[in-house]
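Biologist: Let us go through this structure and ask what backs each label. Please set the values against the cut-offs as we go.

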Amino acid sequence: MRDDGAFTYNGGKVARGETQNVRYGISETYLGDPVRIPVTIINGERDGPTAFLTAAAHGDELNGIEVVREVAHEWDLSDLAGTLVCMPVLNVPGFLAQQRYLPIYDRDLNRSFPGREDSTSAKRMAARIFDNFILPCDFGIDFHTSTRGRTNMLHVRADMEHAGTARLANAFGSHVIIASGGGDGMLRTEATAAGVPAITVEMGEAHRFQRELIDEALAGVESVFAEYGLYDDTAVRWPGWRTVIDDENEKTWIRADAGGIVDMHYDRGALVHEGDRICTITNPFKDDNVTVEAPFTGLMVGVLENPVVYPGNPLCHLVELEERVRRVVEREQSPDGDTVRA
């Protein structure tokens with residue numbers, strides 16, 4: 001909410017040209033101590049849009065935390081046109097426990113938005129975040145990683161049928177956009193429904209910082225700022241090639257048909273061709289190998305990191321590419337047209 005250039009929230013106000021670091025109370029522990037999330041609000045001297053950057057809605061997803069912290073505390077924002085609301089750790093109880101969900105009844109904060117003040121603990125937390133720091137914004141980016149034991153190449157997930165989120169997704173400049181409206185209760189889904197276009201950025205794996213992905217995400221944020229005029233001296237980036245994966249494209253999670261120990265033969269982001277051996281599943285004696293082949297030519301958006309599986313466990317997330325894009329990726333990954341093994 002902006003009043004004469006100020007950003008206001010329940011309990012505070014950030015004037016134009018001011019920056020505030022706030023520990024904002026969203027709940028209480030079993031002992032009655034406050035649960036507070038860190039929020040940095042940078043209100044530029046010049047008028048412009050209001051944007052949010054959020055991370056760690058799942059408490060063990062750490063890459064986005066560093067993206068949001070670096071934007072808020074290391075970038076030169078002295079000439080910012082507009083307002084930034086930076087929330088590097090939404091799920092503080094999960095972050096402290098280093099687990100995905102809220103430790104309180106194992107609730108998923110990212111299925112609890114927009115929240116309700118008279119509902120479950122998760123929905124009460126979500127409501128205080130949503131009402132105070134999401135609704136006042138014009139757009140936002142929510143950073144995630146894959147769940148424990150898997151890793152994702154950096155990509156955007158967005159409702160590409162919504163003009164506002166499509167603009168935002170394209171401006172971020174990732175190679176891959178997965179077109180999806182998202183599920184009920186997701187931050188990006190509920191923000192967009194409330195008139196605040198939002199996207200999810202998936203990047204890497206849980207429980208670690210991955211510097212190359214953090215840097216790539218920071219370049220995406222800078223590109224978005226250029227698109228919306230928060231920065232004057234930067235340009236919207238073009239990633240060189242882009243594919244939008246929707247219902248018309250083939251995409252699948254390839255799952256194990258046997259239990260055992262997995263040897264993955266390709267890394268995230270690799271192009272594999274139909275019939276290529278993606279991985280091999282073996283038993284402890286290596287006398288009953290199971291080969292898993294690519295059912296179609298596509299890009300490995302997500303792959304297994306934990307090398308043990310039960311039957312039915314996911315091995316990789318494979319998406320189909322248009323022929324034109326596939327040729328570009330083939331040239332990029334190998335000058336002679338052969339996909340490089342990880």
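Modeller: This is a predicted model. Start inside: the largest nonpolar core has 72 residues, and L84, M87, F143 and F172 have the most contacts within it. Helix α6, residues 211-228, gives the most to this core, with 8 residues.

Biologist: What makes a set of residues a nonpolar core?

Modeller: Members must be buried and of a listed type, such as Leu, Met or Phe, and be joined through side-chain atoms within 4.5 Å.

Biologist: Which residues is M87 in contact with, leaving aside its neighbours within four places in sequence?

Modeller: The partners are I37, P38, V39, F52, L53, T54, A55, V68, I129, F133 and I134. The cut-off for contact is heavy atoms within 4.5 Å.

Biologist: Why is A256 called buried?

Modeller: Buried means under 20% relative accessible area. A256 has 3% relative accessibility, so it counts as buried. The residue is found in the loop between β13 (251-255) and β14 (260-264). Beyond four places in sequence, A256 is in contact with I281, V309, Y310, P311, G312, N313 and L315.

Biologist: How do you know that the chain agrees with a compact globule?

Modeller: With 342 residues, the rule gives a radius of gyration near 20 Å; the chain has 21 Å, so the two agree. The C-alpha atoms fill a box of roughly 70 × 50 × 35 Å along the principal axes.

Biologist: How much of the chain is buried?

Modeller: Buried residues make up 54% of the 342. Among contacts with a separation of 6 or more, 68% join residues 24 or more positions apart. The chain has 7 helices and 20 strands.

Biologist: What about the surface and the charges?

Modeller: The accessible surface comes to about 15,200 Å², and 44% of that belongs to carbon and sulfur atoms. There are 33 positive and 54 negative side chains. The centres of the two sets lie 3 Å apart.

Key: Residues numbered from 1 in each chain as written. Predicted model: local features only at pLDDT ≥ 70, side-chain atom pairs only at ≥ 80, totals over all residues. Heavy atoms only, no water. Buried < 20%, exposed > 50% of the residue type's maximum accessible area, 1.4 Å probe, protein only. Helix = DSSP H or I, 4+ residues; strand = E, 2+ residues; numbered from the N terminus. Rg over C-alpha atoms; globule rule 2.2 N^0.38 Å. Areas by Shrake-Rupley, 256 points an atom, 1.4 Å probe, with all protein chains shown as cover. Lys, Arg positive; Asp, Glu negative; His and termini not counted. Charge placed at Lys NZ, Arg CZ, Asp CG, Glu CD.
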